[in-house]
Amino acid sequence: MSAAAVEAAPAAPSGSLIRKIAWHWRYDEKRELWIGWWTLVIFYNLYGVLFFVLARTQPPPEPSLTPAEIVQWFADRHYGLLYGYALVFIVGGATAIMNATLAYTMRRMSVSRAFAYSYLVIYALATLPGMLIMGVVCTVGAMRPDRDPELMSWLYDFAFLSFEGTMGVFLIGSLVWMTAVLLDKNRVFPKWFGYLNLCNALTEVVVAPAWIFKRGVFAWDGAIAWWINMAVFVTYTAVFLSLLRKMILREDFGTGPLPELESESTGALEAAS
Amino acid sequence: MEPVGEGGEELRRADGELILLWTLPVLGVIWLSAFLLFPGFVQPMSPTMSAEEVAAFYRDPENLPRIRYSMIVFNWFAVGLIPILALIVLQMRRMAHRTPIFSYAIIACAAGGPTTFLMANLFWLTAAFRPERDPAQTMMFNDLAWVTFSSQVGFLIAQSVILALAIYLDRQERPVFHPWVAHFNLVVAALLVPAAFVGLALEGPFAWDGLLTFWVRNIAIGVWIVVMGVVLGQAITRQRAEDEALAA
Amino acid sequence: MKTAASTASNPRAMARGHADDGRFVPGQPDMWAFVLFEALVFTSYFTVYVIRRTQSSDLFLQSQSHLDLRVGVFNTLVLLASSWFVARCVQAARERSFRAALNNAYLTMLFGFVFLVSKVIEWTTEIERGFSFTTDEFFSFYYFLTGIHFLHLLIGFVFLGVAVYQLQSPARRSQEMVETCATYWHTIDFLWVLIFALLYVMR
């Protein structure tokens, strides 16, 4: 690990984006972390576009559709589903590097490695109910529009229930991260982010009624089971992305507490004393 | 600690790794046999078959045992590649990186590929369990199996791209893998991309029996396994020689 | 720099919440971020409930009459009592009489436990009378809101456990941690009062 970076780095160029990227690729000590961070930012946005705009499976449709309406639903977004999920399948593996980067934050903490490894494995598993099963089932539904409406209805239910209803992985994953942040003495993340993980975990619990209700606020498209949940999840994601960026800026590749950024008065104060 | 004892321990560890590596040819033979045994692979089943034709394929007394036994073998050995991926992770740990992010990412990918293949395997076995089922249902399970099998290239693509990135950033005098291994991985990743579009066409190169989705994809995976097996063997042997030199 | 930062970890971090900001909040300021965020989430649950209630007020009123107001009042009193004990626990810890603080923490737990038991009894009685989660929309909300609150209370026991762990040994006794745990406990009490008003009282 210590063998890296023998070349003396020239100053970062201010020119074109490509030259900047090339400089970071060559000289930036933190390139691995930045690759992870940019993958997170780009792919969260890309998944948003694919699910909301192209495949149009989010926000979710009503669970109470009749089989004939479900056939119509598949017909309405035939190419959106097929192209949208094809792209999801191609870039879906990017979650590996995203989760590896988040697991690294736990490795940088003063806690046991067990936290990083649990997080990594839990979220690797989460990719299946989190998007891949839904993608496969929607593709199968869309590729033969003339299939028996009863079977189409089964595919529709299976796609959305697997996607909306499997929340345990995110629940336990958030709790693992919460515990790590609260126990950490290296100040990788602020403690309030630990508690925010608890908020996120608690909203995952709230999705469970989606397995029971076909209409209303607790159904898989409902105000409580979907909309409030999504609002919390989007806030949580935006928060951890910005905290992760800050953490990378502060990273010193040591094992002790992370230094605060220069601009922060409290950090400068503590470092000075 | 005695340097001799330490060296001996290192030797034993490398030996264990070589044993794991030698499971690869055995696995290759098993996978190839199961592949040839499954009647739907040698001449891949066409997506244009009608529900009755699909049902007849599963009901055919010639086919049915071959479907079942080949898929049972795949069910046993689907996860067989994971030890090899673990060996790749260990080699990545020797690369000149500042963080373990890339090796973590390969661990995250390692279970993904086999799991998606297992899902396809379960759909095939379920279709074959009651061939007398309504043909429309048999066809749905057959569709689910083929679409899962063909489209799930995401983890394999990620695996190759991450490995390539890791090799490019392995900046030391004698890098663990040659840069051509990284180029090769990027080519394999690119060859796997078309298979994701399997749902778009029932005929032509993108269909699940087509040139790109079936032949290019599966041959690329096969070549990747062979090439990575060889370079992994070289890397482990070199590591063992270095360890021995250190111990001496 | 590193050593300065690591020695700064415990007592300095404790002091930070009290003095440096110039404004006083008990416990970690981080816990207050949690309280605010949970308050927002619960406000949205309550808003959805009130909207659905105004849309079908007859059904809600009729189903509401099957709840026993006395049980609700009892729950509220029990939880208010537990909140009072946790406040006394904080006060005692501040005065450094840790024996009393511990006793008050145990009393908090006891009343919290009474609440949990009475809630389970109430749920089983309602289910025996034929009112389950899927009976109608009012009962869905009833089980949902009381259930998610129940879960918060269970987590509250973890926080109380942390407070007790802090108080037990002279080596620890972080006043900040005790106050943080008490803040959480007060929050679930406060949320219960709102849930009680919305489910049992509001006509």
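A residue is called buried if 20 or more other C-beta atoms lie within 10 Å of its own, exposed if 12 or fewer do, and partly exposed in between. By this count, 35% of the 203 residues of chain C are buried in this model, which is a predicted one.

**Chain C**

Chain C contains eight helices and zero strands, and from the N terminus on its elements run α-α-α-α-α-α-α-α.

**How the chains meet**

Two pairs of chains touch, and of these the pair formed by chains A and B has the most contacts. Chain B and chain C, in contrast, are joined by no contact, and their closest C-alpha atoms lie 20 Å apart.

Between chains A and B, 41 residues of chain B are in contact with 40 residues of chain A. On the side of chain B that touches chain A, the elements that give two or more residues are helix H6 (101-110), helix H7 (112-129), helix H8 (135-151) and helix H9 (154-168) of chain B. The largest share of that side, eight residues, comes from H8(B). Sorted by kind, the residues of the side of chain B that touches chain A are 25 nonpolar, 13 polar and three charged.

**Helix H7 of chain B**

One of the helices on this side, H7(B), has 18 residues and reaches 26 Å from its first C-alpha to its last, which is close to the 26 Å expected at 1.5 Å a residue. Its buried residues are B:Gly112, B:Gly113, B:Thr116, B:Ala120, B:Asn121, B:Phe123, B:Trp124, B:Ala127 and B:Ala128. What covers these buried residues of H7(B) includes elements from two chains, namely helix H6 (113-143) of chain A, and helix H3 (51-59), helix H4 (63-77), H6, H8 and H9 of chain B.

**Two crossing helices in chain A**

Two packed helices are described by the angle between their axes and the distance between the axes. In chain A, the axes of helix H3 (residues 67-76) and helix H7 (residues 149-165) come within 8 Å and cross at roughly 70°. Because angles of 65 to 115 degrees count as roughly perpendicular, H3(A) and H7(A) are roughly perpendicular to each other. Their crossing is left-handed. H3(A) contributes A:Pro67, A:Ala68, A:Ile70, A:Val71 and A:Phe74 to the contact, while H7(A) contributes A:Pro149, A:Glu150, A:Met152, A:Ser153 and A:Tyr156. These residues divide into eight nonpolar, one polar and one charged.

**Backbone details in the loops**

The loop between helix H2 (31-54) and H3 of chain A holds A:Pro59, and a cis peptide bond with omega of about -10° joins A:Gln58 to A:Pro59. A:Arg56 also has its place in the loop between H2 and H3 of chain A, and although A:Arg56 is not a glycine, its phi is positive. In chain C, C:Arg96 likewise has a positive phi in a residue other than glycine, and C:Arg96 lies in the loop between helix H5 (69-94) and helix H6 (98-128). The table sets out the values for these two arginines.

| Residue | Phi | C-beta neighbours inside 10 Å | Class |
|---|---|---|---|
| A:Arg56 | about 50° | 16 | partly exposed |

Definitions and conventions:
Residues numbered from 1 in each chain as written. Chains lettered and ligands numbered in written order. Predicted model: local features only at pLDDT ≥ 70, side-chain atom pairs only at ≥ 80, totals over all residues. Contact = placed C-beta atoms within 7 Å. Helix = DSSP H or I, 4+ residues; strand = E, 2+ residues; numbered from the N terminus. Nonpolar A, V, L, I, M, F, W, Y, C, P; charged D, E, K, R; others polar. Axes fitted to C-alpha atoms, helices over the stretch in contact; angles between N-to-C directions. Parallel < 35°, antiparallel > 145°, perpendicular 65-115°, else oblique. Left-handed = near helix turned anticlockwise from the far one by under 90°. Expected span 1.5 Å × (residues − 1).
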